[in-house]
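Let's talk through a few of the labels used for this structure and what stands behind each of them. Have a look at the model first.

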Amino acid sequence: MSHSRRYPIPSLAAFSFLFVVFVARTVSAQEITASITGSVTDASGAVIPAITVTVTNVETGISRDAVTSSTGDYQVPLLRPGPYRVSVQAAGFKTYEQSGIRLEVNQRARVDFVLQVGNAVERVEVTAELPAINTENATVGKVIDHKSITTMPLNGRLNITGLLALAPGIQNAGTQDGVPIFGVNPTVSGASGRMGVSFTLDGVSNSNPLIERG
């Protein structure tokens, strides 16, 4: 006599639920961040290795530390955009602190320090905005902040992608009163959307693979 056993088949709804949960967790891990890098030297130009550089988000109070390398360089990646201050404290030198640093999306800011000989309880405080020119790489970008969006006449704001026209090197971004039914296909530095231009939203691809448009 043969025996057979029936195994329950998971429903399509169960698969859908698992898929949605997996996607939700994956997307939540995506972030658009910035970084601060630089070097620490003394007044003679000699590098100062193995000292701690503290980067603090002014709004949240959260701090991150980095230790200078043998060449006096440091780097603090994966920082949320926002206002920051950076401080350096080393034995035999005055404590140095620079505030007024505002990081934008994907910005790689450079903050160098030249420490002065003295007691650590003595402080040198500098409040200065970083230069708008990117000196770390050849990337060209444009951050359009909340104030710019709310104060500009945007023709009813039907199509937010028209703001792409404010960035350097972009043409054919579309109009504010049009709806991009077939996607967004601007020309970036002479290359069209079908020639390697990609679009992301919160770190996840936002391109249509069929028509190769945003």
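Q: Why is Phe-113 called buried?
A: Phe-113 has 1% relative accessibility, and buried means under 20% relative accessible area, exposed over 50% and partly exposed in between, with a 1.4 Å probe and protein chains only. Phe-113 therefore counts as buried. A word on the background: this is a predicted model, where local features need pLDDT of at least 70, side-chain atom pairs count only at pLDDT 80 or more, and totals for chains, interfaces and linings use all residues. Residues are numbered from 1 along each chain as its sequence is written, and side-chain values use heavy atoms, leaving out hydrogens and water.

Q: What makes the rings of Tyr-96 and Phe-113 a pair, and which kind of pair is it?
A: Rings of Phe, Tyr and Trp (its six-membered ring) pair if their centres lie within 6.5 Å; planes under 30 degrees apart count as stacked, over 60 as edge-to-face and the rest as tilted. Here the centres are 5.2 Å apart and the planes stand at 80 degrees, so the pair is edge-to-face. Tyr-96 sits in strand S6 (residues 95–103) and Phe-113 in strand S8, 17 residues apart; strands (E, at least two residues) are DSSP runs, numbered from the N terminus.

Q: How do you know that Tyr-96 is buried or exposed?
A: Its relative accessible area is 14%, so Tyr-96 is buried.

Q: Why is the pair of Tyr-74 and Phe-113 given the name it has?
A: The ring centres of Tyr-74 and Phe-113 are 6.5 Å apart and their planes are at 40 degrees, so this pair is tilted. Tyr-74 belongs to strand S4 (residues 73–79) and Phe-113 to strand S8 (residues 113–115), with 39 residues from one to the other. Tyr-74 is buried too. Ring pairs join Tyr-74, Tyr-96 and Phe-113 into a cluster.

Q: What makes S2 and S3 paired strands?
A: Two strands pair if DSSP finds at least two bridges between them. Strand S2 (residues 52–57) and strand S3 (residues 63–67) have five bridges, in the antiparallel sense. In one of these, Val-55 has Arg-64 in S3 as its bridge partner.

Definitions and conventions. Helices (H or I, at least four residues) and strands (E, at least two) are DSSP runs, numbered from the N terminus.
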